[in-house]
Amino acid sequence: MNTAASSRYNGPASPAVLDEEQRRLLTAVLNRIVPAGNGLPGAGDLGVGATVESTLGQAPAQRRLLLDGLTEIQLASGRGAGRDFTELEAEQQDDVLRDVESAHPAFFSALVDHTYRGYYTLPAVHAAIGYESRPPQPLGHELPPFDPSLLDKQRQRPPFWRRTS
Amino acid sequence: MNDREIGVSGINGDPSQPPRSPRPTSPLPIGSFGATMARGFDKLGWHWWVSDGAIISEPYGEGRQPCNNCGPCDLGCPIGARSSADVTYWPRALKLGVELRTGCRVREITVDAQGLARGAVYYDERGQLREQRAPLVILACNGVGTPRLLLSSRSPRFPEGLANRNGLVGKNLMFHPFAAVGGVFPEELDSYKGPIGTTIFSHEFYETDPGRDFVRGYMLQVVRHSGPVSTANGFFATPPVPWGAEHHSVFSQRFSHLVSMGVMGEDLPEPINEVTLDPSLADADGIPAPLVRYRLSDNSLHMLEHGVARAGEALQAAGASEVFVNNPLRASGWHLLGTCRMGDDPRNSLVDRWGRAHDVRNLFIVDGSIFVTSAAVNPTTTIQALALRTADYIKRERHNLLSMRRQAPSFTPSCFSQGGRQ
């Protein structure tokens with residue numbers, strides 16, 4: 001699993017922020033935020049970590065949030081189970097993440113937000129949820145024209161706007 | 001006239017509003033999501049109508065294509081279906097010889113010895129200070145920008161800011177109090193397909209009802225959703241989808257199954273809601289930043305509470321299985337009105353019925369700041385209609401207006417756009 005994941009980590013858009021160990025940790029975390037489903041692996045194994053690293057890693061304040069947050073996850077794993085996060089069972093991992101979520105809400109909500117952004121812009125995910133994976137233009141969407149008969153009932157109502165002097 | 005000039009979509013016959021000219025293009029599609037909500041309103045016996053939209057649904061104007069329901073209007077419309085000023089008024093104004101200077105920031109409007117506006121002092125796109133003299137000056141910086149500029153324009157004749165002899169510049173700021181309500185429906189509604197913004201609306205609770213604990217009223221707006229990312233991260237009233245084991249089941253319940261409603265209330269003008277100048281904060285050119293003080297009145301809070309309950313009833317009548325409320329929507333307050341109000345009496349208003357400043361007779365304002373009341377409808381077309389009306393007045397009075405200033409330079413209309421410079 002780790003090999004498959006790290007093979008996707010070959011070039012975030014911005015300068016590298018995380019080392020290999022942090023990337024393995026982030027992959028495992030993202031696999032719990034959006035677990036396997038839709039016939040697809042979890043967000044971490046789909047390579048969303050690279051997106052999170054390149055987006056959260058850009059601005060100094062956000063980068064700090066990410067780096068400190070990952071360390072907090074390791075600390076919480078050590079405190080609770082005495083093991084690395086990546087070695088825990090899924091349920092234990094979720095317990096750790098819930099602890100970190102309540103202790104460090106700014107980090108965790110940013111992480112979830114960027115994970116969703118990365119995950120739900122993947123063409124494979126679009127296919128799985130039945131969303132056409134293409135730019136909005138030039139095709140747009142076909143919709144039936146407005147049916148004026150829907151307003152028949154409303155047209156029977158006498159005017160009720162307020163007249164001014 | 002404005003609706004015809006820019007091209008709007010809609011349908012005549014709404015009993016909640018005075019008759020209007022034939023709509024230039026037919027209504028935009030409301031999709032199954034709009035039809036579902038229409039059934040909900042009908043079931044309750046409440047008013048609803050398909051919204052006018054400043055988007056063309058059929059060929060209209062030059063070089064523009066009708067809307068093809070792509071969705072994210074807020075990113076800018078690449079096909080020119082949205083009737084924004086860049087595809088409606090600006091091309092014609094430029095063709096007629098108006099010079100548009102982009103990347104500029106106006107520092108102040110100066111006055112001459114007679115107390116008339118002399119022109120604008122501005123930083124150009126390279127940050128160089130310049131003066132543009134003019135026989136008359138028209139401001140269109142809206143409810144925060146216009147008072148900011150007037151208050152920044154101090155002179156011995158106007159020590160408290162230009163055209164501010166009565167001290168009312170910046171007072172009576174109105175937003176539209178806004179709450180968001182969302183519903184999850186069992187059936188798929190394709191609610192991300194089609195133009196974002198109001199699709200259908202209800203004016204059932206628009207007018208004052210003495211039986212309620214607030215005056216005036218609100219519009220209920222039915223608003224589309226966008227795609228998977230905003231479903232996951234939450235939008236309007238709908239919170240983010242939870243992470244973890246239940247993520248996929250909750251996401252699939254919501255994606256394409258959501259309807260959002262906005263409760264948009266009429267704000268009341270109150271002097272304590274105001275725009276002043278920040279005593280210390282300034283932009284990169286040293287122009288003082290606006291300081292906005294605003295609080296929701298008890299009237300608005302009661303109104304929003306009432307509207308949130310009614311929106312929930314409408315969603316449930318239409319079949320929603322779950323309802324979310326976000327009251328008030330913190331990231332609202334996008335309609336900026338009332339800070340340079342219009343009126344006949346110079347003691348309690350800033351501009352006359354033509355948008356002409358009482359104190360500075362060659363200065364005009366055409367934006368949301370001249371509104372005296374806010375109504376509970378989007379203000380842009382009214383602002384545009386007022387601008388056309390003022391333009392007619394200036395045209396009619398041009399001989400008097402252009403000769404007001406002695407030694408006035410020849411009249412070359414120019415316009416500053418403050419956007420675009422980093």
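Reply: A disulfide is taken here as a pair of cysteine sulfur atoms within 2.5 Å, and by that cut-off the predicted model holds zero disulfides over all chains. B:C73 takes part in no disulfide, the nearest cysteine sulfur being that of B:C67 at 6.2 Å, and B:C73 is itself buried, with a relative accessible area of 15%. B:C340 is likewise in no disulfide, and here the nearest cysteine sulfur, which belongs to B:C141, is 9.7 Å away. With a relative accessible area of 0%, B:C340 is buried.

The side of chain B that faces its partner can be described next. In chain B, 47 residues are in contact with 44 residues of chain A, and the area buried between the two chains is about 3,800 Å², with carbon and sulfur atoms giving 64% of that area. As for polar links, 23 residue pairs are in polar contact between chain B and chain A, counting pairs with both residues at pLDDT 80 or more. The elements of chain B that give two or more residues to the side touching chain A are strand 1 (49–50), helix 5 (228–233) and helix 6 (247–254), and of these helix 5 gives the most, with four residues. Sorted by class, that side of chain B has 26 nonpolar, 15 polar and six charged residues.

Salt bridges also occur across this boundary, where the count between chain B and chain A is two. One salt bridge joins the side chains of A:R162 and B:E207, at 2.9 Å from N to O. A:R162 and B:E207 also belong to a network of salt bridges in which B:R216 and B:E266 are linked with them.

The side chains of B:E5 and B:R92 meet in a salt bridge with an N to O distance of 2.7 Å. Because B:E5 lies in helix 1 (residues 2–6) and B:R92 in helix 3 (residues 89–95) of chain B, this pair ties together parts that are 87 residues apart in sequence. Both partners are partly exposed, B:E5 at 25% relative accessibility and B:R92 with a relative accessible area of 38%.

A further salt bridge is formed by B:D283 with B:R148, the closest N and O atoms of the two being 3.4 Å apart. B:D283 sits in the loop between strand 11 (274–282) and strand 12 (288–293) of chain B, while B:R148 sits in helix 4 (residues 142–152), so the pair ties together parts that are 135 residues apart in sequence. B:D283 counts as partly exposed, at 22% relative accessibility.

B:R295 and B:E270 provide another case, their side chains meeting in a salt bridge at 3.1 Å from N to O. This pair links distant parts of the chain, 25 residues apart, with B:R295 in the loop between strand 12 and helix 7 (298–318) of chain B and B:E270 in the loop between strand 10 (258–265) and strand 11. The two partners fall in separate accessibility classes: B:R295 is partly exposed, with a relative accessible area of 35%, whereas B:E270 is buried, with a relative accessible area of 18%.

Apart from its neighbours within four places in sequence, B:W90 is in contact with B:A85, B:V98, B:L100 and B:C415. The C-alpha atoms of B:W90 and B:P413 are separated by 13 Å, although these residues are 323 residues apart along the chain.

In helix 7 of chain B lies B:S300, which counts as buried at 0% relative accessibility. Once its neighbours within four places in sequence are left aside, B:S300 is in contact with B:P177 and B:D267.

Terms used
Residues numbered from 1 in each chain as written. Chains lettered and ligands numbered in written order. Predicted model: local features only at pLDDT ≥ 70, side-chain atom pairs only at ≥ 80, totals over all residues. Heavy atoms only, no water. Buried < 20%, exposed > 50% of the residue type's maximum accessible area, 1.4 Å probe, protein only. Contact = heavy atoms within 4.5 Å. Buried area = accessible area lost by both parts, 1.4 Å probe. Salt bridge = Lys/Arg side-chain N within 4 Å of Asp/Glu carboxyl O. Polar contact = N/O pair within 3.5 Å; in protein donor to acceptor, adjacent residues only side chain to side chain. Nonpolar A, V, L, I, M, F, W, Y, C, P; charged D, E, K, R; others polar.
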